[in-house]
Amino acid sequence: MTTVANGVNVQALLEAREVLKDAPEAAQFTWRASAKWQGGVHSTMKVQSFFGLGEEQGHNDEWTFEADHPEVFAAEDNGITPIEYLLVGLASCLTAGVASVAQNRGIQLRSVESTVEGAHDVRGILGADTDVRNGFNDVKVTFTIDADASRQEIEALVAQSQKRSAVFDALTNPTNVTVEVA
Amino acid sequence: MVLERGEVANSWRRERWDSLRLLTPNWQSRLPGLGYEGPDPDGYMTAGEVTEFIEHFAKVSRAPVRTGVNVTSVRRAGDGYHVTTSRGEMHARTVVIASGACNAPSLPQFSDAVPASVEQLTPFGYRGPGQLPDGGVLVVGASATGVQLAAELRRSGRPVTLSVGEHVRLPRTYRGRDVLWWMDESGLWDERYDEVEDLTRARRLPSPQLVGTPERASLDLNALAATGVELVGRWAAVRDGRALFSGGLRNVFSLADLKLERLLDTFDEWAKTDGYEAEAGPPERFAPTRVPESARLQLDLRSGEIRAIVWATGFRPDYGWLDVPVVDAKGQLGHDGGVVASPGLYALGLPVLRRRRSTFICGIEDDAREVIGHLARFLAERGWA
């Protein structure tokens, strides 16, 4: 198989997979974010530390994110909405998956772009109609991929990416979420 | 000596439903020295006919079967194994585990959280639609069992909802021949366990969505939906008496459709290179699995809409009697092509034991010859032959 260059260290991932099969404790990660209210519906989030492979870890930098609501929501637009962060997460998770699967399958990617749309009936969060859910009614991702592969192979990349995507799973399947007051 | 806790072909007699037929055409029922001799080689035997076939084989092969003997323990002792049974104890230098991979149904943990007002059945207890209360049925799992039972229950007039996770889609016939003829002839079924790319995955594949009917009809999800079966995503959890289904249904359809397409491409390639092109009908491709307009994400199990659940979520082996440390954390037997890592201990009849055809009736002969060959050499090396 020719070595394609998508920039994903698939070898490292495959090795990690083998090692972690027999060391489930080491595979337990905890991702974290902290948030601070700034006034109105504006918050600032920071992400730096996480836990994994049996010890505390950290990103090289501390990353900061702003969230707010736009002016049509009578807010200040200091950042994107919390729900848009989910779309950001989904697109990036699936894209990373496409690249990883392509690397593993020896497919050279030239470009991978996507658009994500989340259909959202805001009567739910406004409390205007209790039959309307708070979250999305539908999420649609459209990939445009230019690669050294047939259409069938590209579709298979995208299907496999969903199969192994953390965010796809977090959105499509139920997750226990506990919210407490310290 | 062959120890059998019940009668010959016990699971075919006791652990399957009334309408069950083989997925494989009768001509593929080949055992050493015994083939199908009936009038319908392209048909599909009933469970009763399979029982007769295996009983006949036991007689003509003069296998030394002791029936009604339940093995309760096998442990290492001295130069072999101490076997404890319901009819006494014995010592054996070699043991072949042939109890199969389907000793108990596999149920998700949340089955405990299903309200008691909903009846639950597994393929072990299910015999036919008449057993179930009137009203809606939720069939869980789109394997061969799942689609067959969903179809049968729908024909009984009940509303049926089928929860679909990853599955294997196959047409019953392809280019005029049984699809399993292609698997057999093309050599795909002969792919060896040490050649398979992802062996763990291959060994865990659900049975393909096939049914054995005289009409040789395909029983894929489009066919089921056409009869009014409602498709929902993989059942993920129970919360407050509600069944929660995955919103990722579309992708499991894509995965199955893409895999089918790759398989048919392989068949077409083989037909060309092996000169079958002229005899076969033209290549066919099948409509993609249709995604429901909006598949339900949840179902209230307390509303009475669903009166019964049929779990078609697979089976698992039971090695509770095997007191040798060769079973892994997931309850699976460790083996290398049927050779277990304990001297003189072997296995037969497990998925992709040595080949993709290992668990099919036509797959046992080659596996048995090779595994028993190893066993025979083991005995000879020790001067025990």
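This report walks through a predicted model with chains A and B, from the overall build of chain A to single residues.

## Ground rules

Residues are numbered from 1 along each chain as its sequence is written, while chains are lettered from A and ligands numbered from 1 in the order in which they are written. Since the model is predicted, local features need pLDDT of at least 70 and side-chain atom pairs count only at pLDDT 80 or more, whereas totals for chains, interfaces and linings use all residues.

## Chain A at a glance

Let's start with the overall build. Chain A holds 5 helices and 5 strands; here helices (H or I, at least four residues) and strands (E, at least two) are DSSP runs, numbered from the N terminus. Along the sequence they come in the pattern α-β-β-β-α-β-α-β-α-α. The C-alpha trace of chain A spans about 55 × 40 × 30 Å along its principal axes. Of its 182 residues, 15% count as buried. A residue is buried if 20 or more other C-beta atoms lie within 10 Å of its own, exposed if 12 or fewer, and partly exposed in between, with C-beta atoms placed from the backbone.

Among contacts in chain A between residues at least 6 apart in sequence, 50% join residues at least 24 apart. Two residues are in contact if their C-beta atoms, placed from the backbone, lie within 7 Å.

Strand β2 (residues 42–52) and strand β3 of chain A pair in the antiparallel sense over 9 bridges; a pair of strands needs at least two bridges found by DSSP. A:Gly52 stands opposite A:Glu55 in β3(A). Strand β3(A) (residues 55–67) has 13 residues, of which the number buried is 0, so β3(A) lies largely in the open.

The hairpin has 2 residues between its strands, and A:Leu53 is found in this loop. Most residues other than glycine have a negative phi. A:Leu53, although not a glycine, has a positive phi of about 55 degrees. A:Leu53 is partly exposed, with 15 other C-beta atoms within 10 Å.

## Helices where the chains meet

Helix α4 (residues 151–163) of chain A has 13 residues and reaches 18 Å from its first C-alpha to its last, close to the 18 Å expected at 1.5 Å a residue. The expected span is 1.5 Å times one less than the number of residues. Among the buried residues of α4(A) are A:Ile154, A:Leu157 and A:Val158. The buried residues of this helix pack against α2 (82–104), β5 (138–147) and α5 (166–172) of chain A, together with α7 of chain B.

The contact between the chains takes 12 residues from chain B and 10 residues from chain A. On the chain B side, β14 (235–239) and α7 are the elements that give two or more residues, and α7(B) gives the most, with 5 residues. That side divides into 5 nonpolar, 5 polar and 2 charged residues, where Ala, Val, Leu, Ile, Met, Phe, Trp, Tyr, Cys and Pro count as nonpolar, Asp, Glu, Lys and Arg as charged, and the others, Gly among them, as polar. Helix α7(B) (residues 249–273) has 25 residues and reaches 37 Å, close to the 36 Å expected. B:Gly275, with a positive phi near 70 degrees, follows α7(B).

## A three-stranded sheet in chain B

In chain B, 3 strands form an open antiparallel sheet in the order β3-β4-β5. Strands β3 (71–77) and β5 (88–92) stand at the edges, each with a single partner strand, so one side of each is left without a neighbour in the sheet. β3(B) and β4(B) (residues 80–85) are joined by 6 bridges, and B:Val74 stands opposite B:Val83.

B:Thr85 lies in β4(B) and is partly exposed, with 18 other C-beta atoms within 10 Å. Beyond its neighbours within four places in sequence, B:Thr85 is in contact with residues including B:Leu3 and B:Thr72.

## A buried loop residue in chain B

B:Val352 lies in the loop between β21 (345–347) and α8 (364–381) of chain B. Its phi is positive, near 40 degrees, in a residue other than glycine. B:Val352 is buried, with 22 other C-beta atoms within 10 Å.
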